[in-house]
Amino acid sequence: MAKECGFNSVQQTLPAQTTHEELAALVKSLNTDETVHGILVQLPLPKHLDSEPIIQSILPEKDVDGLNVFNSGKLATGDLETGLVSCTPAGAMHFGPPHTWRGPLGSQRSAHRPVEPLRQADGAVTASCQRHRYRGAFADKKPAGCLPRRRYSVAAVGRPEMVKADRVKRGATVIDVGINRIDAPERGERKTPLVGDVAFAELSEVSGNITPVPGGVGPMIIAMLMANTVIAAHKTLGRMLKIF
């Protein structure tokens, strides 16, 4: 996508045994490279690496994923102009007017927390439901009251196909931000297809519009990554470019 947009895209593929120090050194070198306008660290990282200090080491002006605390803080205070907006909620915003959303249902770092200031900036009333409330003995209980039937519903809970048809108003637009891999032995050995946080087949029967996984919010997230890179490049020239 970056190449299609006319960008110079460089991919650094590192071995799984890469140390924290080696990865940090790479990010530092990209921070100081004036020809690089955007840096994206693909998550999740291998378990022996702590992703948070790596993410926070990216210069805010090159943090095209919008996860640095500087950019998160800008967003939390309603500043959508001087920081870089997190790509997941920014992409989801294009599927419906945020002030009509209910939710989001979920706790995913890249989607749940940053989407609230966007909705509030658009005049929304915020309410949310965290998946940790439904673990253990309560894991099979429906999050009643957390996802009332509204015209627009957003799911970002991180649990495969948790949201069922009885939690969504007939004719509603359902935006599924979840990405989960599930075992599917019936499809062959080691097959782990991607599914979202909503029961897609079931909700397709009652929703007016629904985003699939994969192929729904994902392409919009990539589009926002490209937009943030353009914004970052403009800022190095002292120019302001707005997409919200």
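These legends walk through several close-up views of the structure above.

**A few notes before the views.** This is a predicted model, in which local features need pLDDT of at least 70 and side-chain atom pairs count only at pLDDT 80 or more, while totals for chains, interfaces and linings use all residues. Residues are numbered from 1 along each chain as its sequence is written, and side-chain values use heavy atoms, leaving out hydrogens and water.

**View 1. The overall fold.** Seven helices and six strands make up the protein, where helices (H or I, at least four residues) and strands (E, at least two) are DSSP runs numbered from the N terminus. Their order along the sequence is α-α-α-α-β-α-β-β-β-β-α-β-α. Of the 244 residues, 42% count as buried; buried means under 20% relative accessible area, exposed over 50% and partly exposed in between (1.4 Å probe, protein chains only). Taking contacts (heavy atoms within 4.5 Å) between residues at least 6 apart in sequence, 58% join residues at least 24 apart. The protein exposes about 13,500 Å², with carbon and sulfur atoms supplying 54% of it; these areas come from the Shrake-Rupley method with a 1.4 Å probe, and for residues only the protein chains shown count as cover.

**View 2. Two cysteines.** Here you can look at Cys5, which is partly exposed at 39% relative accessibility, and at Cys87, which is buried at 1%. A disulfide is a covalent bond between the sulfur atoms of two cysteines. With a disulfide taken as a pair of cysteine sulfur atoms within 2.5 Å, the count comes to zero.

**View 3. Helix H3 and its two ends.** Helix H3 spans residues 69–76. At its start, a side-chain oxygen of Asn68 reaches to within 2.8 Å of the backbone nitrogen of Phe70. After H3 comes Gly78, with a positive phi near 85°.

**View 4. The salt bridge.** The structure holds one salt bridge, meaning a side-chain nitrogen of Lys or Arg within 4 Å of a carboxyl oxygen of Asp or Glu. Its partners are Lys74 and Asp79, whose side chains meet at 3.5 Å, N to O. Side chains of opposite charge can pair when their charged atoms come close. Lys74 is partly exposed, with a relative accessible area of 23%.

**View 5. Strand E3 beside strand E6.** From strand E3 (residues 173–176), Thr173 and Ile175 point one way and Val174 and Asp176 the other, and all are buried. E3 runs parallel to strand E6 (residues 209–210), joined to E6 by two bridges; strands pair if DSSP finds at least two bridges between them. Opposite Thr173 stands Asn209 in E6.

Key: Polar contact = N/O pair within 3.5 Å; in protein donor to acceptor, adjacent residues only side chain to side chain.
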